[in-house]
Amino acid sequence: QLERTRTDMKNIISRANVKKLALEVSQQDRAGKFTRVSKDFLDRIEAITKRAIVSEVQRHPSVGITLK
């Protein structure tokens, strides 16, 4: 299903910002246990984000022209 919605965008998330947030959460909630973020982690967050966007658009009422 996501293949059908693919665009020319390589990434829809800012991987640098996701990495920064993940490491901040590690510092605050996990006593800094994690100090690196893998490509697999970033790919998983990318996929989750894409699925969330598709889901939100599909269940949005067909009223108006703005996604709210």
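The structure is a predicted model, in which local features need pLDDT of at least 70 and side-chain atom pairs count only at pLDDT 80 or more, while totals for chains, interfaces and linings use all residues. Residues are numbered from 1 along each chain as its sequence is written, and side-chain values use heavy atoms, with hydrogens and water left out.

**Overall fold**

The secondary structure of the protein chain consists of two helices and zero strands, where helices (H or I, at least four residues) and strands (E, at least two) are DSSP runs numbered from the N terminus. Helix 1 covers residues 15-29, and its 15 residues should span 21 Å at 1.5 Å a residue, which agrees with the 21 Å between its end C-alpha atoms; the expected span is 1.5 Å times one less than the number of residues. Of the 68 residues in the protein chain, 12% count as buried, a term that means under 20% relative accessible area, with exposed meaning over 50% and partly exposed in between (1.4 Å probe, protein chains only). Among contacts with a separation of 6 or more, 59% come from residues 24 or more positions apart, contact meaning heavy atoms within 4.5 Å.

**The loop and the surface**

A31 follows helix 1 and sits in the loop between helix 1 and helix 2 (39-59). Although A31 is not a glycine, it has a positive phi of about 55°, and its relative accessible area of 72% makes A31 exposed.

The protein chain exposes about 6,100 Å², of which carbon and sulfur atoms supply 54%; accessible areas come from the Shrake-Rupley method with a 1.4 Å probe, and for residues only the protein chains shown count as cover. I12, I53, V57 and L67 form a nonpolar surface patch with about 340 Å² of accessible area together. Patches are made of residues with over 30% relative accessible area and no salt bridge, like charges being joined within 9 Å and nonpolar side chains (Val, Leu, Ile, Met, Phe, Trp, Tyr) within 5 Å. I12 is found in the segment before helix 1 and, at 31% relative accessibility, counts as partly exposed.

**Charged residues**

E46, in helix 2, is buried yet has no salt bridge, and its nearest side chain of opposite charge, K50, is 4.0 Å away; Lys and Arg count as positive and Asp and Glu as negative, whereas His and the chain ends are not counted. Leaving aside neighbours within four places in sequence, E46 is in contact with K10, N11, I12, I13 and R15. K50 also lies in helix 2, and its C-alpha atom is separated by 7.7 Å from that of I12, 38 residues apart along the chain.

The count comes to three salt bridges, each defined as a side-chain nitrogen of Lys or Arg within 4 Å of a carboxyl oxygen of Asp or Glu.

| Salt bridge | N to O distance |
|---|---|
| R15 and D43 | 2.8 Å |
| D43 and K39 | 2.7 Å |
| E56 and R59 | 2.3 Å |

R15 lies in helix 1 and D43 in helix 2, so this pair ties together parts that are 28 residues apart in sequence. D43 and K39 are four residues apart in helix 2 and are separated by about one helical turn. E56 and R59, three residues apart in helix 2, are likewise separated by about one helical turn. Salt bridges that share partners join R15, K39 and D43 into one network.
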